[in-house]
Every structure is written in C-alpha cells, then in structure tokens.
Amino acid sequence: MSDRKYERIETPESLISTLREMLGDRLSTAAAVLEQHGKDESWHEASPPDAVVFATSTEEVAEVVKLCAAHEVPIVPFGTGSSLEGHVAALRGGICIDLSRMDAIIEVNEADLDCRVQAGVTREQLNEHLRDTGLFFPIDPGANASIGGMTATRASGTNAVRYGTMRENVLSLTVVTPDGKIIKTANRARKSSAGYDLTRLFVGSEGTLGVITEIGLKLYGIPEAMSAAVCAFPTVDAAVDTVILTIQAGIPVARIEFLDELQVRAVNNYSKLDHKEAPTLFFEFHGTEAGVKEQAEFVQSVAEEYGAEEFQWATRQEDRNKLWAARHKAYYASLQLEPGKAGMPTDVCVPISRLAEAISETRADCDASPLTCTIIGHVGDGNFHTLILLDPEDPAQMEEANRLHRRMVERALKLGGTCTGEHGIGYGKLDFMVTEHGEDTIALMRAIKAAIDPKGLMNPGKLIPGL
C-alpha cells in the first residue's frame, strides 16, 4: 500500500447548509454514516467524507457537483462499498455522493438484447428483474455490487472467460462531469466510429473523471443448458495446464475457477462441503444440451490426461447455486482459517501461457512465509487472487504481507501481465502504476485527468499517481 499522506480540504459549513436545505434528511453528517462511506471491503484504512449525499436523480447529482465545484470541494462517488483497493476513501475529505437510491431499471429492450439502468441498480437486482424475459446480465464479481461501481472499476468475475468484462458489456453511459454538466457517451447501437470512445474512457476511471449515473448494458439469452463440475488435481501445475489447453483449444467454457488446497479446506469448513483438499477447478458450461455435453467431455478428457480425479457434476440449478455460492463466499471462508485476523486481498493477471508459472511461484512464496495465504482465481483469463491473513496492527506482519504483495505484482509484470486484473487501483496499488505503464503513459493519463477535471476534485488520490 502507498504510504502517501493527503491533506484534507476543509468543507465550508455554508456548503453543508446549502446541501441540507436542498436535500433535507438525504444529507447526512452522522459519524456512523461517514465512517461507513469512508471504507470499502478491504483492509485499507478508512478515511470518511465530511458529508454524505443520497442522490435520487442525475439532475440532482449535477446540482451537487456544481455546488462542490464552486466551493472547490472534493467529490467521491459511492455504490455499495464492495471495492477492494480503497476506492471510496475520502482521502482529502469532501462530499460523498451515494448513488444507492438511484436504483431504477429504466428500460429493457428484449429484441435488441440491451437495457439501461441507474447506477445504484445491483447485479442481483437486475437479473431478478430480467428473470422472466429469458435474458440475463453475466458479469459476476462475487459481491452484489452496483452496476455503477462495477462500471467505474471495470469489474469482471467468474464469467469473464466467456462473456468478457464490464469493458465489453457497457454500451453507453450518462455521466455528470466535474463542472456539473450531464453528458451521454453513446447511443444504443452495438458499434460506432463517431469520435473518441468516451464510453471506454469512463469505464474503469474509478470516479476520477465524473459521476456515472446511468449505464446501457448488453444482455444475453439464458442458455438452454448449464452444467457445473468440480475436479481435483494432483498438483497446481496439472490444474493450470488443464485450463491452458482448454482455452487454447477454443472451448467456450463459461467459468473456470481455481482453488488451491488451503482454499478448498476453507470452503469445505465454511460452506459444509466435502471436496478433496487438493488443487481444484470449478467449471461451468453454457449452451445447447449437445454443446454442453461436447464441451464437458472434451474438458474431462483433458483433465484426465493431467491426472485429475473423477468429475463431480452439478446439473440441477440448486446444486449449481450451492457450488457457486460456496465459491463466492471464499473470502469469508478464508478469514475463518484464523479468526480475528484481517484479510489483504490482491489480484494480478498474466498471459494464459504463463499462468502455471505465476501461480506456482506465488504459492511457493506463500508457503515460505509465516503468514497464511490462500489462492483462488478466474484462471480462464489468467487472473488469480491471493488473500493474505494478518494482524494489521502488527508492523512485522504488515511488512511481510506487503512484501508478498510486491513479489506477486513484480512477477506478474515480468511475465507480461498487470498489477490488477479486476480489483482496480484505488489508492492501494498506486505504487505499481509507473512500473507497469512507464512515465510517458502516466503523463498522458495525468493530461486527460487535468483536461476533464482541472481542479482535481473527482475522487482525488486514486488511480493516477501524483494527483
């Protein structure tokens, strides 16, 4: 984690009073509310805002932003607070704009396989709404995150190997810019060559360029057939080599999740399962009955070549739900390995051909460390995560955890990868940005930021070092 210290900017009482007149009880300065909005799900230190605004419309967000800009007060957008790199910490104070009450599903265009939602809609809420249409939204980061937050952090998750990330699935955005203007980045067409791709500029911008208030999304037909399987392997390399060959063969697997031996033990204990404690892959196949059968048979034959044990199949929806619920609770399962400890979650992503090397060397580092570490990953696209258990009040443990983190990132960069596949930068990974991108690229990012947000008010201290 960066050890930079940020000077807080005083929020004038006159601004608080104006916002309270405009919003009534949807403006809060209660200590508990401020604390909640200054910390995400990660181990990073909380930094509360000076006030929280609960917005209900794009126009209202624009009015709040205009007032903040006039007083040169920082603005931090907030969705559900499920991010993992300190994205929502109000490092310089200011006003937090909570978008959770902007939870309307504006339109669903079934014939065109798209929809438009407000930023506070969560992925579970959207899929519940779509259930009777035969459509679904596939991006699944695990947490029931807001669509706005998922867009701002360029989220992905377990389905990314088949359906892509938020970058591939956002069609258009409505954004409030730092001066309070409302812009729309695109229309509903699936492709366009008209001007700069502003949609992709804001996807992954982590609230540093504006407040995303509405999102146009691609939707997909619910597959005719789905089947899931669990398979244990003799070694980490055997499991990962199975993944590599499956991807290289062009098999359209929907999900391929890797759990190391310790993570399987944690999941078994927490979710009352009985999987063998060994390097394990969770698979899911989508398609027609015949297509799913063909995919599954191919992957099973590949896995057996690498010494895998018999597949445990889950074809009923309730069995698949149980399996993936256990996978999504892996973070909490890991914390129970050492009750009372905090978790430092981090992720990297490498080219698929270097995945076995990256995971094996990371596992060796973890085994040599006095700290307990689990490894889990969306390995179908080269992305994996380590959760390091530690006492954040113990300087020696913090130093060791940061050392493991640095080693993991340095290895990923050496192998042609990235310091984060999906968690994002926030302020937790700022120190790796120059190493990954180079000074000239970071200078261009700073120029873009300065052009759009010249006063530096949008989520300061995040994403781009030196701002």
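Helices are taken here as DSSP runs of H or I of at least four residues, numbered from the N terminus. In the predicted model, N159 is placed by this convention in the loop between α5 (147-152) and α6 (160-163). With a relative accessible area of 4%, N159 falls under the 20% limit and is therefore buried. Its side chain makes a polar contact with the side chain of R255, at 3.0 Å. Leaving aside residues up to four places away in sequence, N159 touches P138, D140, G164, A254, R255 and H286.

Salt bridges that share partners join D140 and R255 with R123, E124, E284 and R320 into one network. In the structure as a whole, 30 salt bridges are found. One of the pairs consists of D50 and R8, whose closest N and O atoms are 3.1 Å apart. D50 lies in the loop between α2 (31-37) and β2 (51-54), whereas R8 belongs to the segment before α1 (13-23), so the pair ties together parts that are 42 residues apart in sequence. Both members are partly exposed, D50 at 25% relative accessibility and R8 with a relative accessible area of 38%.

Two further salt bridges were examined. D319 pairs with R316, with 2.9 Å between the closest N and O atoms. D319 has a relative accessible area of 29% and is partly exposed; R316, at 47%, is likewise partly exposed. E357 and R354 meet through their side chains at an N to O distance of 3.0 Å. Here the relative accessible area is 32% for E357, which counts as partly exposed, and R354 is also partly exposed at 31%.

At the level of domains, the protein is divided into domain 1 (13-100), domain 2 (105-221) and domain 3 (225-415). The contact between domain 1 and domain 2 takes 16 residues from domain 1 and 23 residues from domain 2. The C-alpha centres of these two domains lie 22 Å apart. About 1,300 Å² is buried between domain 1 and domain 2, and carbon and sulfur atoms give 70% of this area. T58, H87 and L99 supply 36% of the area that domain 1 buries against domain 2, more than any other three residues. Zero salt bridges are counted between domain 1 and domain 2, while two residue pairs are in polar contact across their interface. On the side of domain 1 that touches domain 2, the elements giving two or more residues are α3 (58-71) and β3 (75-78). Of these, α3 gives the most, with seven residues.

The UniProt record, in an unreviewed entry, lists residues 45-222 as "domain: FAD-binding PCMH-type". Over residues 45-222 the chain is 23% helix and 25% strand, and the end C-alpha atoms are 41 Å apart.

Helix α10 comprises residues 261-271, of which L262, Q263, V264, A266, V267, N268 and S271 are buried. The elements covering these buried residues include the strands β13 (255-259), β14 (280-287) and β17 (373-378), together with the helices α12 (317-328) and α13 (330-335). Just after α10, K272 takes a positive phi of about 55°.

Definitions and conventions
Residues numbered from 1 in each chain as written. Predicted model: local features only at pLDDT ≥ 70, side-chain atom pairs only at ≥ 80, totals over all residues. Heavy atoms only, no water. Buried < 20%, exposed > 50% of the residue type's maximum accessible area, 1.4 Å probe, protein only. Contact = heavy atoms within 4.5 Å. UniProt positions renumbered as here; feature names shortened; annotations may be inferred. Domains from an automatic or database assignment. Buried area = accessible area lost by both parts, 1.4 Å probe. Salt bridge = Lys/Arg side-chain N within 4 Å of Asp/Glu carboxyl O. Polar contact = N/O pair within 3.5 Å; in protein donor to acceptor, adjacent residues only side chain to side chain.
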